[in-house]
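Morning, everyone. Please have the sequence and the model open while I talk.

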Amino acid sequence: MENENKSNNSIKGIVHIIFAALCFSLMTLFLKLAGDLPVMEKAFFRNIVAFLITAILLFRSEDKFKIKKQSWRGILLRSIFGTAGLIANFWAVDRIGLADSNMLNKMSPFFAMLMSIFILKEEPDRLEWGALIIAFLGVIFVVKPSGGMASLPAFVGLFGGFAAGTAYTFLRKVTMGGERGAVVVMCFSLFSTIVTLPFLIFGYEPMSLKQLIFMLLAGVAAMGGQMNITAAYTYAPAKEISIFDYSQVLFAALWGILFFAELPDWYSVAGYVIIIGAGIFRWYYILHMKDKNKELKDA
């Protein structure tokens, strides 16, 4: 019964992280459709909508804005790393292009698994490491990083991936302690909004109505992503589900075809096959083979 519940939680975690990837890919689409705006302005609108919606949801809930005493430190660290990762990613996108910055941001599952070793004491085995490395190689096929990666913006983008992965690890730690996902999302969104507000005030660039609509849609999509990523790491550890975060690359490719007529080449198709194949193998291994291998080893 215990193994069955664990398997069900893993499946729920996978579903939520795929929905999170879908929402974050939509966020990226809307930000691109909004055109050229300051990084902090994009970051502000990305979070203010999520803050307002989650605040309303919490206000209507039974416990309202109550936060568990033991959650404060984890929520703060999740908010700090999440905000740093968000700003770093947006800053890198404007300087090294969408493809390179996207690859660097997709290092977040790798860092989530790595930081889980230190923060959550969750040890992945060799096959799990191998599946993640193979999936990352697939991402390289998709985005085909250029020779300009060895630069300050590239290192900032890589830091964004590290910060996002670390934030997800603290997110799981907090939700494992029983904290509500909406509380974590609201606190992160509020923290990011406060950090970016002064830059918005002193460096605001007027937006057209079309740009404003796209920015608000980006905020709604970001909230959906945050709610689903929070739920995902509540149900399952990073080592079981973080690889499915790479599905964002597939969704982004779809939006590129539909909205910008960006047809993937054979390298990209190969990357899609590698990513999906690694995800399916890892999912099957964790849910069906890992416990059996452990039993044979212990016998």
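Predicted model: local features only at pLDDT ≥ 70, side-chain atom pairs only at ≥ 80, totals over all residues.

Start with helix α2, residues 39–59. E41 sits in that helix. Is E41 buried or exposed? Its relative accessibility is 2%, and the cut-off for buried is under 20%. So E41 counts as buried.

What does E41 touch, leaving out residues up to four places away in sequence? The list is L200, G203, Y204, E205, M207 and M215. Take M215. In sequence, E41 and M215 are 174 residues apart. In space, their C-alpha atoms are 9.4 Å apart.

Next, T54. T54 is also found in helix α2. With 0% relative accessibility, T54 counts as buried. Again setting aside residues up to four places away in sequence, T54 touches A182, V185, M186, M223 and M227.

Now the helix pair. Two packed helices are described by the angle between their axes and the distance between the axes. Our pair is α5, residues 108–119, and α7, residues 152–176. Their axes come within 7 Å. They cross at roughly 50 degrees. That makes α5 and α7 oblique to each other. The crossing is right-handed.

Which residues meet there? From α5, we have S108, F111, A112, M115, S116 and I119. From α7, we have L158, G161, F162, A164, G165, T166, Y168, T169, F170 and K173. By type, the residues of this contact divide into 9 nonpolar, 6 polar and 1 charged.

That's my part. Thanks.

How values were computed
Residues numbered from 1 in each chain as written. Heavy atoms only, no water. Helix = DSSP H or I, 4+ residues; strand = E, 2+ residues; numbered from the N terminus. Buried < 20%, exposed > 50% of the residue type's maximum accessible area, 1.4 Å probe, protein only. Contact = heavy atoms within 4.5 Å. Axes fitted to C-alpha atoms, helices over the stretch in contact; angles between N-to-C directions. Parallel < 35°, antiparallel > 145°, perpendicular 65-115°, else oblique. Left-handed = near helix turned anticlockwise from the far one by under 90°. Nonpolar A, V, L, I, M, F, W, Y, C, P; charged D, E, K, R; others polar.
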